[in-house]
Amino acid sequence: MLQNDLLLRTLKGEATERTPVWMMRQAGRYLPDYMKLKEKYSFFERCQTPELAAAITIQPVEQVGVDAAIIFSDILVVPQAMGMEVEMIEGKGPLLPHPIQRYTDLHKLDIPDVHEKLGYVFDALSLTKKELNGRVPLIGFAGSPWTLLCYMVQGKGSKTFDEAKAFCYTQPDTAHRLLQMITDTTIAYLKGQVAAGADVIQIFDSWGGLLSPADFEEYSLRYIRQIVAAIKEEVLTIIFAKGAWHSLEGMAATGAHGLGIDWCITPAMARTLAGPAVVLQGNFDPAKLMAPIPVIQQEVKDMLDAFDGHHHIANLGHGILPYIPVDHARAFVDAVKEYSKVKVTS
Ligand code: CP3
């Protein structure tokens, strides 16, 4: 039994005593205890050792007071499990030294047995679940097929992913074959996460907003739809497609329980596009956590008023930045807890 199931009840469409709150990328570099583990173990060692992943996952629950834990891992463990080399370069981000360029490169990839290649994530989830001991729900996740294609083709981070887009527009059949391989792997991977104890699954489409509405449908939503269809009867599901606000209606039609939005759209506009039923998650500008605490508190009130306390999970509009002071992150979480309670009872 969960002691705090606000997130789950909200995603099921139930009214709750206050708005649940968590932060994307909450397990990570702004926490001093994370930085201590980072000195001793490499990024993938941290992901692959269930004891480390569980400890990192629980840190923000204990130190910041969020209403959910999200398993410490990375979206790039999927391309790694499919056979690609993935390095995490300190200060730079991911590097995939042998990116996919043409059809024959797909022969080097597998649709792996997820228990064999990603069993460590399932072990981390089971251990975390045990150590959480019902304090808060546990969120599992995966990257969307489009966002993973971006890294697998471009080979590194980018603001525009123009090589990944050029690959799709010049070799669409190869792109679709790759997207389908990622989709098939992801469905098996997410089902494994659910079996290991994930209460909610979030699909991160961090680069969905780089595509036109028509290309978003063609290269991203089409595959997200397959994933959601495969898991939504088993688990509560959230889609976060950053910048793809134009397709909120289509995302709601997948049957996902929640949709993430960033700070470039108002909650009212998002609600109009997404329809009345789906839960919206967001949408605090992560850089605003640098503002003085009284400003954060005021802006949280404004955000909660704009969502009207209804079918809403408070979150940032993208991941927390590495240099945010912990007390500012805590002020954000506390402000949601206090003000949303006042709103419900008044
Ligand atoms: O708290 C959590 O949200 C769980 C952990 C988590 C990580 N990555 C750990 C991580 C999650 C959910 C992710 C998702 C992820 N990874 C996304 C989607 C979310 C988003 O921010 O858009 C993406 C695009 C990636 C790929 C990735 N991993 C990049 C681009 C980078 C480098 C840039 C950066 O943010 O540092 C990573 C590295 C990474 N993944 C770190 C962490 C804590 C930082 C590296 C380190 O601490 O050593």
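**View 1. Pairing of strands β1 and β4 in the predicted model.** In this predicted model, strand β4, which covers residues 138-143, runs parallel to β1 and is joined to β1 by two bridges. Within this pairing, Ile139 of β4 is the residue that stands opposite Ile70.

**View 2. The open sheet of seven strands.** The strands of this open sheet follow the order β1-β4-β5-β6-β7-β8-β9, and their pairing is parallel. The edges are formed by β1 (69-70) and β9 (312-316), each of which pairs on one side only.

**View 3. Helix α10 across strands β4 and β5.** Residues 172-195 form helix α10, which lies across β4 and across β5 (200-205). Relative to β4, helix α10 runs at about 170°.

**View 4. Packing of helix α7 with helix α10.** Helix α7, comprising residues 119-132, packs with α10 at an angle of about 25°, and the two axes are 9 Å apart. Because angles under 35 degrees count as roughly parallel, α7 is described as roughly parallel to α10. The crossing in which α7 passes α10 is right-handed.

**View 5. Residues at the contact of α7 with α10.** On the side of α7, the contact is made by Val121, Phe122 and Leu125; on the side of α10, by Tyr189, Gly192 and Gln193. By class, the residues of this contact of α7 with α10 comprise four nonpolar and two polar residues, with no charged residue.

How values were computed: Residues numbered from 1 in each chain as written. Predicted model: local features only at pLDDT ≥ 70, side-chain atom pairs only at ≥ 80, totals over all residues. Heavy atoms only, no water. Pairing = 2+ DSSP bridges. Helix = DSSP H or I, 4+ residues; strand = E, 2+ residues; numbered from the N terminus. Contact = heavy atoms within 4.5 Å. Axes fitted to C-alpha atoms, helices over the stretch in contact; angles between N-to-C directions. Parallel < 35°, antiparallel > 145°, perpendicular 65-115°, else oblique. Left-handed = near helix turned anticlockwise from the far one by under 90°. Nonpolar A, V, L, I, M, F, W, Y, C, P; charged D, E, K, R; others polar.
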